[in-house]
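Here are some friendly notes to read with the model open beside you. Take the points one by one, and look for each element as it comes up.

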Amino acid sequence: MAEPLLEVSHLAVHYGGIEALCDFSLQLEEGEKVALIGANGAGKSSTLKALAGVVPFAQGSLRYDGMDWTHQPAWKRARAGLILVPEGRGVFPRLSIAENLQMGQMGRSDPAAMEKVYVRFPRLYERRTQAAGTLSGGEQQLLALGRALLTRPRLLMLDEPSMGLAPQRVDEVFGVIAEMVQAGTTLLLVEQNARRALELCDRALILESGRVVFSDRAAVCLASPALRAAYLGE
Amino acid sequence: MIACPPRFKFPWMLLGTLILPWVIEGLLGRGWVRILDFALLSVLLAIGLNIVVGYAGLLDLGFIAFFGVGAYAYALLASPQFGVHWPLWAILPTGILVAASFGVALGWPTLGLRGDYLAIVTMGFGEIIRVFLNNLTAPINITNGPQGITMIDALHLGTWSFARPHRLWGIPLPALVGTYYLFLLFVLLALFLSRRLEYSRIGRAWMAIREDEIAAASMGLDTRRLKLLAYALGAAFGGVSGGLFAGFQGFVSPESFTLQESVMILCMVVLGGMGNLRGVVAGALLLAFLPEVLRPLGGWQQHWFHRVLIDPSTLRLLLFGVTLVVLMRWRPEGLLPSRARAREWHTS
């Protein structure tokens, strides 16, 4: 059997003396959709940041696409298709929308791909010369997703894409994410809105204080009374 | 939708800058042409710092160190200190290389720092350079300590010395005006390069780093290398300015490279409008001239009140400070802000 797209073994992340994440292991097959669920401070964002290379590994190793990536810097990982859309969207507020999107095409120029994004998000096209900071939260999230799309992700890591959005906007954002994964992009999703995440993903890992406490298929998680009580507010 | 560089009204601007020293000499006298020459060196410095602070968003409070490095490079390579007398075209590239390496030397250990922390470290770096210049006298006397280096060769290209008046097609060309044209050439070159950088992929990448470093890195931007490049290029401009300064003044000493000078250049950039070249040039010229304009304050006091109420040098600084505060109150984005800065201050 082919090697998985991503293989994380025994990853630990420390901030100074604080252990944010401990002994995290995960294998992702190409095209798989996995959700990370947990309370605030459980280590979800730290996991994504470590995988993107924005915070260092304290322990553990990362294999991606058949190679060891443990010591590669963030930008190389991003160019290899390991893309993080950080919490709070990470748009460049004072650059225009067009300039933001160009950032997704660093080192190359692909007008056709840009065109596609503009067709998919007509509102971004209408406002392309405006500063990204003038967009609403939902539109900023769409911009961040559009920009991520232009980077040609193989593994897309989304950190709380629905944070602070109105329910309609959340529908819109999840619609876009669903399209992206249907096109074959592998997804690692961190999401407070556990129900939406579980409905979208194949599998889920539940994190508590930096450790994986439970991991199973999404349908099983949705059916588990204990998890429903803890994360779905029932 | 790549934003294109706005067109320059080139012929008029150029004509204006070409006749400017003659107008100033005619109206205000030769001393003001000298001030104008020094102002151009400030412009060059501000253009360099603008790359670091304005484009890449790295707050640098020790920028004068690169000016100092460039000045001492010139001083050591063209003075009796070591008995070497290199020509200008050999010194300046050397000065650029040395200053750029110092830029990388500053950038390397501070890559992880931002904002206030970075400002403190860069400030320390500036002071370290100054202290070194003060103390590199033993075992080999390199910098000659606080006395500085004197009798530096005047700026010259071949047999053409910029320290002497010339005659061109029968028109007398005073030394200071000739120097002005030399400096102007460097400023124009710096403006051209800086503009090309601003609208290049590199410039855009710097702005992305300034806005959100994590997002920039996760878009595949090599933030380390881009930041080092900003430091090196900014320092290179500072080094050129320093070299010209040493050759123009004929004398360098560590006291020209204090923290106050660093702060002054930063003020030029911020006041003019960070990230926008026109603004930076305007800010540099304004702050270079303002202290000189305020110089006769003592005389005016004598005239109006028949005695000097406040020490002119104190009053000069006070008015200078008031001007800065007033400008920052009414135009916090700077005199001529960049598009992005204007957006920052005027989007609620």
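1. Let us begin with two helices of chain B. In α3(B), the residues I64(B), A65(B), G68(B), V69(B) and Y72(B) meet F125(B), G126(B), I129(B), R130(B) and L133(B) of α5(B). To meet here is to be in contact, with C-beta atoms, placed from the backbone, within 7 Å. By class, this contact has seven nonpolar residues, two polar and one charged. Ala, Val, Leu, Ile, Met, Phe, Trp, Tyr, Cys and Pro count as nonpolar, Asp, Glu, Lys and Arg as charged, and the others, Gly among them, as polar.

2. Before going on, a word on the source: this is a predicted model, in which local features need pLDDT of at least 70 and side-chain atom pairs count only at pLDDT 80 or more, while totals for chains, interfaces and linings use all residues. Residues are numbered from 1 along each chain as its sequence is written, and chains are lettered from A and ligands numbered from 1 in the order in which they are written.

3. How do the axes of α3(B) and α5(B) cross? Helix α3 (residues 64-77) and helix α5 (residues 115-135) of chain B have axes that come within 8 Å and cross at roughly 30°. The two helices are therefore roughly parallel to each other, a term for angles under 35 degrees. Axes are lines fitted to C-alpha atoms over the stretch in contact, and angles run from 0 to 180 degrees between N-to-C directions.

4. Now turn to chain A, which has 10 helices and 10 strands. These are DSSP runs numbered from the N terminus (helices: H or I, at least four residues; strands: E, at least two). Four of the strands make an open, antiparallel sheet in the order β2-β1-β4-β5. Because β2 (18-28) and β5 (67-68) of chain A each have a single partner strand, one side of each is left without a neighbour in the sheet.

5. Strand β4 (residues 59-64) of chain A runs antiparallel to β5(A), and two bridges join them; two strands pair if DSSP finds at least two bridges between them. Y64(A) has M67(A) in β5(A) as its bridge partner.

6. Finally, see where the chains touch. The contact takes 26 residues from chain A and 20 residues from chain B. On the chain B side, α7 (201-211), α8 (213-218) and α14 (339-346) each give two or more residues, and α7(B) gives the most, with five. This side has 10 nonpolar, four polar and six charged residues.

Definitions and conventions:
Parallel < 35°, antiparallel > 145°, perpendicular 65-115°, else oblique.
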